[in-house]
Amino acid sequence: MTSLNPIEIRKDFPILHQEVHPGKPLVYLDSTATTQKPVSVLDSMDDYYRKSNANIHRGVYTIAEEATALYEGAREKVANFIGARKSREVIFTRNATESINLVAYSWGRTNLNRGDLVILTEMEHHANLVPWQMLAAEKGLRLEFIPVTDNGLLDLEEYPRLLDLSPKLVAFTHMSNVLGTITPAKEITNAAHDAGALVLIDGAQSVPHFPVNIHEIDADFLVFSAHKMCGPTGVGVLYGRESILDEMPPFQGGGDMIKKVHLRSFVPNDLPHKFEAGTPAIAEVIGLGAAIDYLNQFGMDAIQKYEHEIINYALRKLSAVVGVKVYGPDAQQKGAVASFSLAGVHPHDVAQILDSEGIAVRAGHHCAMPLHERFLLDATTRASFYIYSTLDEVDKLVEGLEKVKKVFRV
Amino acid sequence: MDDLYREVIIDRSANPMYKGKLDPHDITFEDENPLCGDVIRVDLRVDEENRITEAAFDGHGCAISQASADLLMESIIGKDLESIKSLTKQDILDNLGIELGAVRLKCALLSLKALKAGVYGLSKSNDDLVEGNE
């Protein structure tokens with residue numbers, strides 16, 4: 001395993017070589033929202049449109065065969081990346097959000113009934129809350145939440161008490177997009193299975209940042225988004241256990257998801273096509289395949305190791321800034337995300353002044369309003385890192401915060 | 001970009017002159033910006049001739065939203081209610097003396113949105129209240 005060299009890596013990302021204001025190079029610290037894209041990913045999509053653009057699964061002509069092979073090849077790459085044994089367990093969606101909605105709509109509507117319990121956590125992204133709230137309203141489900149402790153961990157003492165209530169599903173994030181907390185997925189999943197529940201894991205922040213093996217964590221469903229792992233927007237993944245996907249009714253109806261259509265009835269297609277109605281984001285799926293190739297050349301172990309180094313450094317530097325409070329656990333238990341407040345300055349103002357220094361951070365509730373309520377916060381400022389982030393950029397962030405304090409005289 | 005945090009904005013957000021609640025009041029409206037969680041409530045007192053005698057805002061948000069609300073309250077005291085309906089985005093930007101991008105514009109316009117919704121007697125506000133009259 002070679003250690004990662006961010007200076008070399010940055011050469012692969014054209015967007016990072018620009019000044020956002022005169023003399024202020026872009027310091028991109030919002031990779032939790034979306035990562036930047038390497039040239040190989042951009043080229044893969046460009047090549048597809050220039051050389052192989054055709055609709056998939058139908059044409060018998062050469063470029064249609066090429067397009068189909070590229071698209072299905074990407075599915076193989078995704079399956080291998082997460083250790084899925086069969087590529088038909090990999091469904092392409094629009095994003096992780098749509099993957100969760102697919103499960104709620106198809107599996108949830110079929111298998112959950114009035115009074116059934118779904119367990120979520122207090123640190124979920126809205127994507128893993130709202131679909132279940134909508135289904136709960138429609139079907140009369142109960143929702144319970146694994147609480148979050150003051151230091152930003154899941155309260156696993158409360159969890160067994162919730163499992164005693166016989167849940168049908170436990171759905172939780174593998175890594176908080178706000179606190180960075182990495183949750184003990186295997187432990188939570190095993191206990192859920194022992195209690196007779198299925199498990200959905202929101203891997204939007206885990207799959208891009210550390211090794212995730214579906215059989216090791218043993219989830220029934222795993223969702224993630226291409227654009228948070230060097231791939232393009234517009235593609236998400238739903239991994240589902242084959243036996244469960246087979247029993248689920250289709251999500252959307254249309255072309256490609258059918259075997260046969262009559263005027264008044266249809267026969268659904270086999271996996272994975274049953275869940276992929278209509279022409280998918282072909283170029284973007286191919287781009288996701290290229291993104292996986294890109295990440296694999298470093299290896300997810302090396303990526304995790306480097307991100308650990310950078311969050312360690314960032315937490316140390318940030319905590320030395322008077323007035324800054326970072327939320328969440330210490331570096332041992334979190335990924336490369338630092339959400340913080342700066343006493344006396346609203347996060348929007350922090351982010352705005354940082355932008356004047358070329359530094360891109362996020363301000364707001366980061367699609368996790370309940371978690372912010374849990375910590376009695378309206379909003380936080382979030383800096384997040386990826387393979388192309390450097391320690392030097394952490395220093396620039398800290399210098400930027402000193403400027404914020406000067407402007408606001410705090 | 002540093003112009004964004006002009007003296008007046010820093011001062012007015014740190015030491016607002018029209019912050020608080022009016023109880024009783026003749027008109028009140030609370031609005032929020034779901035993107036950032038900012039909340040602003042506007043309270044007005046008016047005389048028999050529908051002239052605004054007192055105005056106050058309450059809530060929380062960034063410096064832009066707070067300074068904008070404070071300057072807006074100051075500018076409407078003594079004005080006829082009917083004239084509030086013709087206030088626009090440009091009036092707010094003139095108060096602040098800055099230009100704003102689309103995202104921060106929402107912060108700046110929140111108080112005007114609440115004010116106009118209150119004056120029109122609406123149960124829900126909408127962006128048309130502040131986007132028009134370009």
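Predicted model: local features only at pLDDT ≥ 70, side-chain atom pairs only at ≥ 80, totals over all residues.
Two residues are taken to be in contact if their C-beta atoms, placed from the backbone, lie within 7 Å.

For the complex, the predictor reports an ipTM of 0.82 together with a pTM of 0.93. Chain B has a mean pLDDT of 91, with 96% of its residues at 70 or more.

Within chain B, helix α4 (residues 89–96) packs against helix α5 (residues 102–120), their axes coming within 10 Å and crossing at roughly 120°. Angles of 65 to 115 degrees count as roughly perpendicular and those over 145 as roughly antiparallel; α4(B) and α5(B) are therefore oblique to each other. The handedness of the α4(B)–α5(B) crossing is right-handed. On the α4(B) side the contact is formed by B:Lys89, B:Ile92 and B:Leu96, which meet B:Ala108, B:Leu109 and B:Leu112 of α5(B). By class, the contact of α4(B) with α5(B) comprises 5 nonpolar residues, 1 charged residue and no polar residue. An α-helix has 3.6 residues a turn, so residues three or four places apart point the same way.

B:Leu109 belongs to helix α5 of chain B and has 26 other C-beta atoms within 10 Å. The threshold for a buried residue is 20 or more such atoms, and B:Leu109 is therefore classed as buried. When neighbours within four places in sequence are left aside, the contacts of B:Leu109 are with B:Lys89, B:Ile92 and B:Val130. Of these partners, B:Lys89 and B:Ile92 are also among the α4(B) residues that meet α5(B). B:Leu35, which is 74 residues from B:Leu109 in sequence, lies 13 Å from B:Leu109 in space, C-alpha to C-alpha.

In chain A, helix α12 (residues 347–356) is mostly covered, with 9 of its 10 residues buried. The buried residues of α12(A) are A:Pro347, A:His348, A:Asp349, A:Val350, A:Ala351, A:Gln352, A:Ile353, A:Leu354 and A:Asp355. After α12(A) comes A:Gly358, which has a positive phi, near 85°.

The contact between the chains draws 14 residues from chain B and 13 residues from chain A. On the side of chain B that touches chain A, 9 residues are nonpolar, 3 are polar and 2 are charged.

Definitions and conventions. Residues numbered from 1 in each chain as written. Chains lettered and ligands numbered in written order. Axes fitted to C-alpha atoms, helices over the stretch in contact; angles between N-to-C directions. Helix = DSSP H or I, 4+ residues; strand = E, 2+ residues; numbered from the N terminus. Parallel < 35°, antiparallel > 145°, perpendicular 65-115°, else oblique. Left-handed = near helix turned anticlockwise from the far one by under 90°. Nonpolar A, V, L, I, M, F, W, Y, C, P; charged D, E, K, R; others polar. Buried ≥ 20, exposed ≤ 12 C-beta atoms within 10 Å, placed from the backbone. pLDDT = per-residue confidence, 0-100.
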